Each structure stands twice: as C-alpha cells, then as structure tokens.
Amino acid sequence: MKVLVTGGAGYIGAHTVRELVNRGYEVVVLDNMEYGYEKALLGQAKLVRGNIADSALLDSLFQTEKPDGVMHFAAYKNVGESVANPSKYFNNNVTGTLSLLDAMVRNNINYFIFSSSCSVYGTPQNLPASETNNPFNPESPYALSKYMVEQILKWYDHSFGLRSISLRYFNAAGASFDSKIGEDWTMSLNLVPVVLKAALGVTPKVLIFGNDYPTRDGTCIRDYIHVVDLADAHVAALEHLRATNQTTAYNLGTGEGSTVQDVVDLAKRISGVDFVAEVVPRRLGDPVGIWADTSKAEIELNWKAKYRLEEIIRTAWEWHSTHPNGYK
C-alpha cells in the first residue's frame with residue numbers, strides 16, 4: 001500500500017513516515033519545508049516539495065503516485081501565534097486542508113488520517129477526557145481550525161464517501177530511541193524541549209507558570225505521549241479505517257497526568273543538571289489539568305501507549321544533547 005504523508009518531514013510526520021516504512025508501506029512525502037527537514041526522512045521516502053494549497057500539484061501527484069490513502073500533518077500549531085494571526089491558521093489549516101480533500105475526491109482517494117488535537121475540547125468539564133464526555137469548546141484559532149476540519153470531514157464522508165479518522169493528540173514529546181530523528185526546538189514552545197534547553201544551558205532557566213493550582217504539587221497537569229507511540233497509532237488507524245470503512249475519531253494519550261514539576265524533576269535527574277526553574281504567575285487560559293480517556297482507541301484500534309514520561313524525557317534528552325542545533 002502507498003501512502004501520501006503531508007508535512008511528513010516535520011516532527012510527528014517524520015516519525016510516522018519511519019513507522020510506515022518499517023511496516024512495509026511505500027511512502028511519498030509532500031512538504032513545503034517551512035518546518036520540515038529532509039534529513040528527518042532518513043532517505044526512506046520520496047520527498048515532493050510543495051504546498052497543499054497547490055491544486056495542480058496535488059492532481060499531478062495523485063495521478064502520478066496513485067496513493068491508496070493520505071495522512072495529513074501539514075498544519076500550523078502554535079496556539080499563541082494563532083491568536084495573534086488567525087488568518088494564517090484558517091488559511092492553511094482549514095482552506096489548505098479543503099484543497100487537499102477536494103483533490104482526493106477528484107482523484108478517487110478515499111482514506112484520510114487527520115492530525116487533530118485534544119484542544120478541540122478546550123478546558124474539559126470531565127476528566128479523563130473521552131470522545132463523548134466533553135462538549136467541543138475550542139479556545140483558540142488553532143483549536144478551532146482542528147474542530148472545523150473534523151466537522152468538514154463528516155460531510156465529505158456523507159457527500160463523497162471519503163472515509164477518515166481524526167486523531168486527537170494530547171502532548172506529543174520525545175524522540176526516536178536511536179536518536180536519529182527528533183524535534184527541532186528552534187521554534188518549539190512545548191514544555192519538554194523548553195525544559196531541556198535549560199538543562200543544556202541554551203537558556204538560563206525555565207519558567208513555571210504558577211504553582212498554586214489545586215494539584216498534588218501546585219503545577220498544571222498534562223498527558224504527555226511519546227511520539228513513537230503516536231506514529232504507531234497512525235498506522236493502526238489507517239489499517240482500522242481500511243478494515244471498517246467508518247469515519248470516526250480517537251483520543252491519543254497515555255491516560256495519565258504528569259505535572260509541570262514532574263517534568264522538571266525528571267529532566268534534572270536524567271540530565272544530571274540542576275538547572276534553574278523559576279516560578280512566575282499563572283498564564284491566562286491555562287487549564288488546571290487535562291488527560292485522556294484512551295479506552296476507545298485501546299478497544300477499537302488495539303492500540304495502547306507503551307511509553308511513559310521516563311522514556312519521553314530520556315529519548316528527548318539523548319536527541320537534544322547530541323543534536324543541539326537540530327538537523328542543521
């Protein structure tokens with residue numbers, strides 16, 4: 001089976017490409033390389049440089065390569081930037097995805113795996129957050145763009161028979177276990193790379209935004225999922241979609257919550273560096289905690305996260321400490 005992976009030279013996309021290849025799939029990557037790196041593909045997949053908004057390119061690519069399905073990672077994901085520049089996010093994440101879906105319909109490609117986000121729930125009313133126990137409440141243009149595409153996919157199923165699975169990630173982190181690929185932290189605001197920057201002396205300290213939350217140590221709780229587990233889930237989702245032909249969505253997390261202080265303490269232990277972690281006032285809009293109910297994915301996809309925070313921090317440390325400038 002051949003799969004087109006958009007944004008496949010990026011962080012999660014590249015790990016998924018590697019997993020697809022390891023499982024015997026033929027892979028073609030479409031990436032505009034704004035945040036992607038050819039080195040992340042390890043020479044395992046054909047790379048086409050281009051944009052998902054380029055309809056002529058998409059038609060040519062689909063007609064030439066004839067993929068059986070598409071995995072879609074080509075989206076902007078900085079929440080703060082989305083608030084400052086919503087047009088950028090709606091143009092790429094929504095309009096660009098529509099361009100891709102329309103090209104799939106024109107070329108009779110009917111399987112689509114969508115990189116969504118737990119942010120579609122906003123601040124959850126019930127925990128752990130399942131696919132059914134919380135209303136959708138996106139609280140940023142980024143989150144809204146993911147929610148909008150999920151709703152669009154329901155209509156493309158109804159109107160065109162395009163079957164899809166939306167995968168709602170919690171907090172992706174970590175790197176490959178052989179340290180060959182990982183996250184480029186140049187523009188990343190995620191907690192794990194930010195903490196490891198302090199451990200490596202790239203930044204003088206890490207900021208903890210509030211330690212007065214109603215949690216066991218006063219800091220916010222999040223569900224961190226290893227990027228290798230995410231990659232495995234994407235392949236499981238594609239195989240399930242082909243077997244069932246049913247459009248649906250799944251949460252991808254560990255089902256366990258870790259505090260910001262947990263991440264800091266574990267990073268200090270693994271790195272051996274007692275870096276400075278300074279407590280500052282809370283950030284507006286940070287929910288106290290969010291973690292996943294992953295039972296639907298466990299039952300229907302026969303998938304369960306294998307790795308926990310220890311492996312996440314250890315693989316991220318091994319990657320960043322040996323690649324302080326990422327792929328450059």
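User: Where is the place of Thr315?
Analyst: Thr315 sits in helix H10, which covers residues 309-322. Helices (H or I, at least four residues) and strands (E, at least two) are DSSP runs, numbered from the N terminus. The model is predicted: local features need pLDDT of at least 70 and side-chain atom pairs 80 or more, while totals for chains, interfaces and linings use all residues. Residues are numbered from 1 along each chain as its sequence is written, and side-chain values use heavy atoms, without hydrogens or water.

User: Is Thr315 buried or exposed?
Analyst: Thr315 is buried, since its relative accessible area is 2%. Buried means under 20%, exposed over 50%, and partly exposed in between (1.4 Å probe, protein chains only).

User: And what is Thr315 in contact with?
Analyst: Leaving aside neighbours within four places in sequence, Thr315 contacts Gly174, Ala175, Ser176, Phe177 and His226. Contact means heavy atoms within 4.5 Å. A polar atom of the Thr315 side chain lies 3.2 Å from the backbone nitrogen of Ala175.

User: What about Thr259, is that one buried or exposed?
Analyst: Thr259 is buried, with a relative accessible area of 0%. Its place is in strand S12, residues 258-259.

User: Which residues does Thr259 touch?
Analyst: Not counting residues up to four places away in sequence, Thr259 touches Arg216, Asp217, Thr219, Cys220 and Ile221.

User: Changing topic: what is the order of the open sheet?
Analyst: The 7 strands of the open sheet follow the order S3-S2-S1-S4-S5-S6-S11, and their pairing is parallel. Two strands pair if DSSP finds at least two bridges between them.

User: Which strands stand at the edges?
Analyst: Strand S3 (46-49) and strand S11 (248-252) do. Each of these has a single partner strand, so one side of each is left without a neighbour in the sheet.

User: How many bridges join S1 to S2?
Analyst: There are 5 bridges between strand S1 (residues 2-6) and strand S2 (residues 26-31), and the two run parallel. Val3, for instance, has Val27 in S2 as its bridge partner.

User: What does helix H1 touch on the sheet?
Analyst: Helix H1 (residues 11-22) packs on the sheet and touches S1, S2, strand S4 (69-72) and strand S6 (163-169). Helix H5 (residues 141-160) also packs on the sheet, where it touches strand S5 (111-117), S6 and S11.

User: How many residues has the largest nonpolar core?
Analyst: The largest nonpolar core has 37 residues, and Val5 and Leu252 have the most contacts inside it. Such a core is a set of buried Ala, Val, Leu, Ile, Met, Phe, Trp, Tyr and Cys residues joined through side-chain atoms within 4.5 Å.

User: Which elements supply at least two residues of this core?
Analyst: They are S1, H1, S2, S5, S6, helix H7 (227-244) and S11. H7 gives the largest share of this core, 8 residues. Another core lies apart from it, with 25 residues, among them Val263, Leu266, Ile270 and Ile312.

User: Back to Leu252: which residues does Leu252 touch?
Analyst: Beyond residues up to four places away in sequence, Leu252 touches Leu167, Arg168, Tyr169, Phe170, Ile225, Leu230, Ala233, Ala297 and Trp303.

User: And the whole protein chain, how many helices and strands?
Analyst: The chain comes to 10 helices and 14 strands. Its C-alpha trace spans about 55 × 40 × 40 Å along the principal axes.

User: What percentage of the 328 residues do buried residues make up?
Analyst: Buried residues make up 55% of the 328 residues. Among the contacts with a separation of 6 or more, 78% are between residues 24 or more positions apart.

How values were computed: Axes fitted to C-alpha atoms, helices over the stretch in contact; angles between N-to-C directions. Polar contact = N/O pair within 3.5 Å; in protein donor to acceptor, adjacent residues only side chain to side chain.
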